[in-house]
Every structure is written in C-alpha cells, then in structure tokens.
Amino acid sequence: MKAYRSMVLVSSDPLSMERGARQVFEKIQQDLESFGISDEISLTMVGDVGRHDALPLVIIYPEAAIYGPIKTEDVHHLVEEHLYKGRIASELLASSRELSGRIAWLNSRKGTLPAENRIVLQRAGLIDPNNIEEYIIHDGYEALGKVISGMKPTEVIDEIIKSGLRGRGGAGFPTGLKWKFVAQAKGNQKFVVCNADESEPGTFKDRLILEGDPFSILEAMTIAGFAVGASEGYIYIRGEYALARQRLEAAIVAAKEMGFLGKNIFNSDFSFEIHLHSGAGAYICGEETALLESIEGNRGEPRARPPYPTTNGLWNKPTLINNVETLANIPAIIREGSAWFKSIGTPSSPGTKVYTILGNVNVTGLVEVPMGITLREVVAIYGKGMKDGANFKLAQTGGSSGSIIPASLQDTPMDFDSFNKAGVALGSGALLICNEETCVVDLAKVLMNFFRVESCGKCAPCRIGNQRAYEILDQISEGIGSLSDLDDLELISDNLFQLSNCGLGQTSGTPIRDILKYFRAEVEAHIRLKVCPSGVCSMSGHKVHA
Amino acid sequence: MVQNTKQSDVANSVIVAVKAAVDAFGAKREEMIPILNEINKKLGYIPPEALDEVSMLLKAPKSQLYSVASFYRMLSTKPRGRHVIQFCESAPCHVVGGKEVWEELQKQVHLKSGETSPDGKWTLLTTSCLGVCGVGPVMTVDEDIYGNIAPGELQSILARYE
C-alpha cells in the first residue's frame, strides 16, 4: 500500500454537505495539485464525525489537527500552512469549546474532557471507509484470521459467552447464548442476519458504524457464520440509508477481492457470502421476525414466537439475528479477549454503549461510553448542559417506546440490570432530553401518533389501541378530556402490553404508563383546569379531527 | 389518435421500467420489494399496470403484490408530485421546534400531509424518524436532506426546486 505523509479528512454529513463540504474538498484537491504535493497526501471525505458544531470539519493527521468551520476561501491558506509548510494554521482551528465527542477526545489528551471509550466506533471517522487496506492497518481482519487459523467454532462461542456481551438492539439478550442456540439447532443450512433496520426515533448509531466502518460488520458476520455453521448472511438495511448501503456494497466487493469473503476464506474450507437487502420504509421491520418476512418478500408482519428464529428463521431455517452495534463488538472481543471486554462497563453489562444525545441540550450527537454512566453525567458532560440554562424535566430513553425518566431518576446507572430494577428500559440508546417547556401530553400525543402510523395492523390490540390512545390524548390537548379518559389510557397501556403479538405493540404503551406515573398532576391540569401548564397545547375547546 | 399514442407511450415506459427492474434483481419472489422499489424510483409511483406486469413476470398473485406495495412507506400506489417533501414528525424533531417548522411548511406549499399540489409540483408527507436526529428538525426533499431547519429558511430551501 502507498504511504502518505498526511491524511486529510473532510466531514460529509448532511449538514456539512449543505455548508459546502464538497466544494471545500474539491478546492483542497486543486490546491494540493497546485503545490505539487497531491502524491504525498491522502484526501478523503469521511461520513459523520459524530458531532455537529463547527461544520464542515477538516481533520489532518498525524497531528490530529481539527479545523472548522472551513470555507472554500480558507482552503488555500490551510493547505499552504499545514500541508506545504508544515505549520498548524492555528487561526483556522475549531474552537475547542465547540468540539465534543470523538473529535474532542482527540484533543482531550491534554485533559480537557473525559475520554470516551470507543470499541464499536473505534475506527469510524478515522479511516477511509472505502479503503480495505486502511481497515486492515487498524486491526481489521485480525480477529477473523485468528478464528479461522486457530479456533474451533465452539471456542469462538465460548469466548463470546465469557465476554458477557448482551445484544445492543434493545432487549439485552446474551449474545453468546444466542450463537450457541443457532449452532446447536438442527439443519444443514443456517443463516446469519444483521439487523440494520435502525428506525427507532432518535437513534442513528448503526448508521454511523455502517458509514464509518463497514468492514467491521462484514468481519463480524463472517466470524458469526464460522461459529454457528452458516455459509450465507444477509444485511437488512433500512431503505433510507443510501450512503450506508453504498459503503457496504463497495466493502463487500473489496472484501471478496482480498479473499476475506466468498469461497475458501484465508484458504480454509470455510466459505461465506453476504447479501444486502434494503427495506422500503417500515419501523416494524426492525422487529426480527418482521424483518425475516420482509427479506422473504412479504409485508413486514411479525410472526408468533416461539418458535424463535434460532430454530425457525429465514425460510424456516435456523437463523442468527444480531444488531449492528452488537456485531461491531465481536472482532474486538476475539482480538483482545473476553477478560479485557469484561473489564469495561459494569459486571452484568460489560462493554460500552453508544448513545445518541438529543433534544434541549447544548450539544447533540453521539457518544460511546462504558455501560453504567448516569443520565446526569451524560447531560452535564457530553450534552454540555441544558440549552439556554433551562431546567431538566424528563428524558426518554431508547426511542419512542422507551421509558420516560423524571429528574428524580437521573442518577440511576444506565446498564441493563440497574435500569430493570428501576422499571426503565435502556432500549436502543437514544436519549431524548427535554426541558420544562415540554408538555407531557403533547409529547405523548406525538409518540402515540408514531405508533398508530407504524403499527403493522396485524393484531387488534396494537392496531386499535394506539389509534384510540392518540385520539384520547388529542382531546386532552384540546381541553375536552375527562378524568375517566385517564383510566382508559391506563387500560389501553395494559392491554397493549399483555395482548399484543410483538415487541412494538407490547412496549408502545410505555410512555403513557410513565407519564401517568410521574406527571399525572400535569395531565390532570389539562382536564380539571383546562390549562396546559407548559403553554404548548392549543386547548381550543373543540374537537380537531384526528 | 393522439390520445392513443400517448397512452401507449405511458404503457411502454411502464413495461420498460418493470422489465429493467426484474432483470436487475431476478424474477424471484424474495426480490419483490427491491423490484417494486426500483419501479417506484423510476416512475415516481407504482401504477396498476406495473403491478400487472410484475405479477406476470414473478408469477405472484396481484393481491400479494398490492399488499406489499401498500405496506411500505417508500412505495406509493398513487401518483406523486415532481418533488416529494417528507417532514419528520417523530419526537426528537418535535421537541426542538419541529411543530413550528411543520406549520410554516404547510403554509408555504399550501398543502396538508398526504396532499399533492394541483400543478403536480409538490407532494407533502410526514414521515417517521429518518435517523438524522442530531440535526433536527429534519426534512427531505426528494433525495436531499435538510437539518436544523428554522421556519424562516423554508422559502429559500423550496426555491431550489423547479
């Protein structure tokens, strides 16, 4: 592989593109040529670098100098100073106050910010995601090599069991056990499926992994295929993720050319193929059995479970389904060992968790931190406090069906077991932080609107329950609710939980339940006093048709 | 006569689009969603004639095709405008000012959710989370994504489209 003196990365998330990242990229290219140094410098557009403060960012390695926001007229000076003369163009550096997340971590060696701990996002934003050689240089395919050249499938599974890794899609099922179930299932043909149908509102961690480090998912799936005895894998990626799909397509081609995918991997007897399958816009397809239906070409309606996909999955064959973030942990665990992995996070939930921080905080975006950090720490350190000095009112964890956490619970450690004890679901890792201007009735209405739209309609409790809950909340927000409506809401929430066929319906009543538990007085004010304490609801007094 | 030629042109373009999609993915039942997606991209929606054609090539009943085409948000069985605006109505965009942007957007294009303008320029849709929540409120126009939108910026964004 060709060696470069410097590596230049230009951020290419949607906001950077809107602010002219493409033009900046092209201008850098031109200037490198005019200085005659284009052979010495590698120049790449990277995906999303995690945070959205001083975009577009231009990051130059090995110095890890972060410049931003960079306009085309800054480029000539930047190239001349940093790349031609070798001096940091300090006046163009992004203000360290505006940087956070991974990007700030690069600077934090000076001790200004607590370091994140990155396992699954280890390479995202650091390497060219289209270049397999860069992946290999950064520990890529070491784990697959180790597995194929010296481990038995059962040893691989034991290592994952020992690591204590739990699924990162939301439910937290022990990953190693799932692998074992599939490995033990009867049948000659088995499948590995990567669930990349990330549709949970507020969640985009999988997108960043796929866009920033696509090879890690291919490597992990190949290891999984070896361990459970599958020769074919599917990645089901949500239809809206066009860039992630392109990156995966290119990665599959490159991995095949290098012999990391396809027939006789590492010249062994093991062969593995990966197919890409795009969704077409349906939240429910993130539910694993709906996802399987969708791959088979049907409506994404969940199956009844049991039997579970581990024995009766894709085309009724034993199938291993893992979330993107779960898979991204696999190569590191194999490489560094289960003892290393267990040393991070909490004893019952080892490893890290990627959170997306959203809402009324100063800095929104994505962090990867050890399991067990508290909500208060996340808001204060990574969110840099509430926006405009407002007060924290509540947070919703894990997307639309997640729990509503009042201020009194913000010191609960965020790991699977502590959250279970507090009656809270960790879910997908979305953290929606709301200030006092948020009305709980209005928020619940938005959430129930989501579920009435996204319910697949297969079973009645979910199809009718979510619609009815939305209508009731709508009336309350117009000031024409009655106190008996609250009993109805509680009943609907219970019925959804107990009677729905799949996880979507079972959890969709969670926000209603939590709001009535923690914020009942505020909801009752809408009914008894015909007042929205936050001043959000229109309280028009007449029915607005849903 | 002119009318007939036009109609057969339309029918031809449907047949061409269907054939290209089926050739690209193979005439297999499990490729139904990618095939319909491709047709939708080419024609802007999936007309009934396209369902007939796919049904024949895939040897799948039309009812099944329709059940799939009507299930997924990215597939449409109704004609859409030249430009499709999708506005995210999920909670993360809502709590950072999405409601005000949505109200202004409806005024700007004189449409409510699900409607297409009489001149066929815009279709306005609300959508569930698009996965770019870090920069909410978010909307897409065709393939372009816009984040951190303030109500005052809508006019200049919409003016970019003919």
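Modeller: Two strands are taken to pair if DSSP finds at least two bridges between them, and the sheets below rest on that rule. Please keep in mind that this is a predicted model.

With that rule, β2, β1, β3 and β4 of chain A form an open sheet of 4 strands, in the order β2-β1-β3-β4, and the pairing within this sheet is mixed. The edges are held by β2 (41–46) and β4 (65–67) of chain A, each of which has a single partner strand, so one side of each is left without a neighbour in the sheet. From one strand to the next, the twist averages 20°. Inside the sheet, β1 (residues 6–11) of chain A and β3 (residues 58–61) of chain A run antiparallel to each other and are joined over 4 bridges; you can find this pairing in the structure by looking for Val8(A), which stands opposite Ile60(A) in β3(A).

The other sheet to look at is also an open one of 4 strands, with the order β7-β6-β5-β8 in chain A, but here the pairing is parallel. Its edge strands are β7 (273–278) and β8 (319–323) of chain A, and because each has a single partner strand, one side of each is left without a neighbour in the sheet. Neighbouring strands are turned against each other by 20° on average, if direction is ignored. Strand β5 (residues 191–196) of chain A pairs with β8(A) in the parallel sense over 5 bridges, and within that pairing Val193(A) has Ile321(A) in β8(A) as its bridge partner.

Helix α13 (residues 324–336) of chain A, in turn, lies across β5 and β8 of chain A and runs at about 95° to β8(A).

Methods: Residues numbered from 1 in each chain as written. Chains lettered and ligands numbered in written order. Predicted model: local features only at pLDDT ≥ 70, side-chain atom pairs only at ≥ 80, totals over all residues. Helix = DSSP H or I, 4+ residues; strand = E, 2+ residues; numbered from the N terminus. Axes fitted to C-alpha atoms, helices over the stretch in contact; angles between N-to-C directions. Contact = placed C-beta atoms within 7 Å.
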